[in-house]
Amino acid sequence: MAQHNTQGKKGGWAFVCGFALAFLAGWFFFGNHFAVPPLYGKKTQPVAFSHKVHVEDAGMACKECHYLEANGRWSGIPKLDKCIECHQEPQGDSKEEAEFIKNYVKPHKEVPWLVYSRQPKNVFFSHAAHLKIARFNCKVCHGKMGYNDRPPVYVYSRLSKYPQHTVIVMEACMKCHKKYDAPNSCFTCHK
Ligand code: HEC
Ligand code: HEC
Ligand code: HEC
Ligand code: HEC
Ligand code: HEC
C-alpha cells in the first residue's frame with residue numbers, strides 16, 4: 001500500500017516535470033516572444049508587386065494573370081512576358097517599378113517568386129478540381145492574398161524549408177472535404 005503511494009507520487013512528479021519541460025520547450029521554440037521564433041526564417045519577395053495597384057487601380061481581372069489553361073493546367077504566377085506587355089515602358093515613377101525594370105525587365109530575367117501556399121512534394125493538389133467542378137472563390141483558400149498593396153513577409157520552416165501555412169493545412173483540406181462529401185482517403189491527396 002505504502003509502496004503504491006510513493007509510486008503514484010513519483011509518477012505525478014515525472015508528469016509535472018515532463019509537462020513543465022514540454023511547456024518550456026514549446027515556449028522557446030514556438031512562443032511569439034521573438035519577432036520570429038528561431039525555427040522559422042523570413043524572406044521578402046524579390047519584387048514589391050502590388051495586387052492593389054494592378055487590380056483596383058489598373059482594373060485588371062485575376063484571370064488575366066491566374067487562370068486554368070485549356071488543358072486544365074493551372075497557369076500559376078504569370079511569366080515575365082505578361083508583365084512586359086505593360087512594363088516595356090515605365091507605367092509610373094515609383095521606386096518599386098524602377099527596380100523591377102532594372103533587375104528583371106531590362107535583363108529579361110524571370111522573377112523567382114516565393115509561393116506562400118506551396119505544399120510538400122507528397123501532396124497532390126489541383127486548382128481545376130476546386131475551380132471548375134466545385135467553383136470555389138480564391139478567398140476561401142487564399143484569404144486576402146490577391147488584394148494586398150505589398151506581398152506579405154514569407155515565413156518558412158528552417159527544418160522542412162516549406163512555408164508556414166496558416167489556412168491551407170491538412171486539417172483544413174480534410175474538414176472542407178468532409179463538409180462537401182469530397183473524397184477523403186489518404187491517397188486522394190498523398191501520392
Ligand atoms: C498583373 C498580374 C496579376 C493580377 C491581375 C493578379 N495577380 Fe495574383 N499574383 C501575381 C504575382 C506576380 C504574384 C506573386 C507575388 C505575390 O505573391 O504577391 C501573385 C500571387 C498571388 C497569390 C499568392 C499565391 C501564393 O500562395 O503564393 C494569390 C492567392 C493571388 N495572386 C491571387 C490573385 C487574385 C485573387 C487576383 C484578383 C483579385 C490576382 N491575384 C490578380 C500577379 C497578378
Ligand atoms: C495591364 C498593364 C500592366 C501589366 C500587365 C502589369 N503591370 Fe505592373 N503596373 C501597371 C500600372 C498601371 C502600374 C502603376 C504605375 C504607377 O502609377 O506608378 C504598375 C505598377 C507596378 C509596380 C510598382 C508598384 C507600386 O507600388 O507602384 C510594379 C513593381 C509592377 N507594376 C510589377 C508588375 C509585374 C511583376 C507584372 C507582371 C506579373 C506587372 N506589373 C504587370 C500596369 C501593368
Ligand atoms: C481549395 C483551395 C484553393 C482555391 C479555391 C484556390 N487555390 Fe490557389 N492554391 C491552393 C494551393 C493548395 C496552392 C499550392 C499548390 C501546390 O503547392 O501544389 C495554391 C497555389 C496558388 C498560386 C501559386 C502558384 C502555383 O500555382 O503554384 C496562385 C497564384 C494561386 N494559387 C492563385 C489562386 C487564384 C487566383 C484562385 C481563384 C481563381 C485560387 N488560387 C483558388 C489552394 C487553392
Ligand atoms: C473549401 C473546400 C475545400 C478545400 C479547402 C480543399 N478542397 Fe479539395 N476538394 C473540394 C471539393 C468539394 C472537391 C470535389 C470536387 C469535385 O470533384 O466535385 C475537392 C476535390 C479534391 C481533389 C480531387 C479528388 C478526386 O479524386 O476527385 C483533390 C486531389 C483535392 N481536392 C485535394 C485537396 C487538397 C490537397 C487540399 C488542401 C491543400 C484541398 N483539396 C482543399 C473542396 C475543398
Ligand atoms: C484532403 C487532403 C488530404 C487528405 C485526405 C490527407 N492529407 Fe495528409 N496532408 C495534406 C496536406 C495538404 C499536407 C501538408 C500540409 C500539412 O502538413 O498540414 C499533409 C501532410 C501530411 C503529413 C505530414 C507530412 C510532413 O512532411 O509533415 C502526414 C504524415 C500525412 N499528411 C498523412 C496523412 C494520412 C495518413 C492520411 C489519411 C488518413 C492523410 N494524410 C490524408 C492533405 C491531406
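**Ligand shells in a predicted model**

Visitor: Which residues come nearest ligand 2?

Guide: Cys 83, Cys 86, Gln 91, Gly 92 and Glu 97, out of 20 residues around ligand 2. A residue counts if its C-beta atom, placed from the backbone, lies within 6 Å of the molecule. This is a predicted model, where local features need pLDDT of at least 70, side-chain atom pairs count only at pLDDT 80 or more, and totals for chains, interfaces and linings use all residues. Residues are numbered from 1 along each chain as its sequence is written, and chains are lettered from A and ligands numbered from 1 in the order in which they are written.

Visitor: Which element gives the most to that ligand 2 shell?

Guide: H4, with five residues. H2, helix H4 (80-87) and helix H5 (95-105) each supply at least two. Helices are DSSP runs (H or I, at least four residues), numbered from the N terminus.

Visitor: And which domains does the ligand 2 shell draw on?

Guide: Domain 2 (36-70 + 114-191) and domain 3 (78-112) each give at least three residues. The bounds come from an automatic or database domain assignment.

Visitor: Switching to ligand 1. How many residues surround it?

Guide: 21, with Cys 62, Cys 65, Ser 117, His 142 and Gly 146 the closest. Helix H2 (51-57), helix H3 (62-65) and helix H7 (138-142) are the elements giving two or more.

Visitor: What about ligand 5: which residues are closest?

Guide: Val 169, Met 170, Cys 173, Cys 186 and Cys 189, among 13 around ligand 5. H8 gives the most to this shell, four residues.
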